[in-house]
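Please keep the sequence and the structure in view while reading.

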Amino acid sequence: MSPSIERLMISVGGVTYALAPTEHVDDLKAEITHQVRSGGGFVDVTIDDGQRLSFLITPASTVTIAAKTVHLDIDGADRQGNESWGAGTPITYDGDSPYDLI
């Protein structure tokens with residue numbers, strides 16, 4: 001069986017956001033429940049692109065949390081099984097790359 005990760009999505013007021021892998025469903029549920037029971041408050045999350053968002057959660061808020069298991073394609077990630085990639089493959093650098101070539 002291939003490795004997998006759990007992807008979380010949160011919808012608040014009808015707008016859906018993909019959450020960062022550092023977010024955990026149990027922690028998020030507990031924080032939202034706490035804010036609803038206390039009359040309202042902010043819940044902070046990190047979305048997939050690294051941006052931090054704060055949602056004001058009240059007893060009237062509509063919040064949905066969805067979790068999806070995504071299976072990882074390890075052959076595609078490390079390029080094994082792809083004969084077009086190898087030690088002899090030339091790498092070009094155009095100066096606009098945000099990454100350092102080693």
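## Overall composition and fold

Of the 102 residues of the chain, 19% count as buried. The model is a predicted one. Two helices and five strands are present in the chain, and along the sequence they follow the pattern β-β-α-β-β-β-α. The accessible surface comes to about 7700 Å², and carbon and sulfur atoms account for 52% of this area. Among the contacts in the chain with a separation of 6 or more, 48% involve residues 24 or more positions apart.

The following table lists elements of the chain with their residue ranges.

| Element | Residues |
|---|---|
| Strand S1 | residues 4–12 |
| Strand S2 | residues 15–18 |
| Strand S5 | residues 63–71 |
| Helix H1 | residues 25–37 |
| Helix H2 | residues 74–78 |

Strands of a sheet pair through backbone hydrogen bonds, either parallel or antiparallel. In this chain, three strands form an open sheet in the order S2-S1-S5, with antiparallel pairing. Strands S2 and S5 are the edge strands, each pairing on one side only. From one strand to the next, the twist averages 25 degrees. S1 and S5 are joined by nine bridges, and Glu6 stands opposite Thr69 in S5. Helix H1 lies across S1 and S5 and runs at about 180 degrees to S5.

Leu72 is located in the loop between S5 and helix H2. Why does Leu72 count as partly exposed? Its relative accessibility is 36%, a value that falls between the limits of 20% for buried and 50% for exposed.

Methods. Residues are numbered from 1 along each chain as its sequence is written. This is a predicted model: local features need pLDDT of at least 70, side-chain atom pairs count only at pLDDT 80 or more; totals for chains, interfaces and linings use all residues. Side-chain values use heavy atoms; hydrogens and water are left out. Two strands pair if DSSP finds at least two bridges between them. Helices (H or I, at least four residues) and strands (E, at least two) are DSSP runs, numbered from the N terminus. Axes are lines fitted to C-alpha atoms, for helices over the stretch in contact, and angles run from 0 to 180 degrees between N-to-C directions. Contact means heavy atoms within 4.5 Å. Buried means under 20% relative accessible area, exposed over 50%, partly exposed in between (1.4 Å probe, protein chains only). Accessible areas come from the Shrake-Rupley method with a 1.4 Å probe; for residues, only the protein chains shown count as cover.
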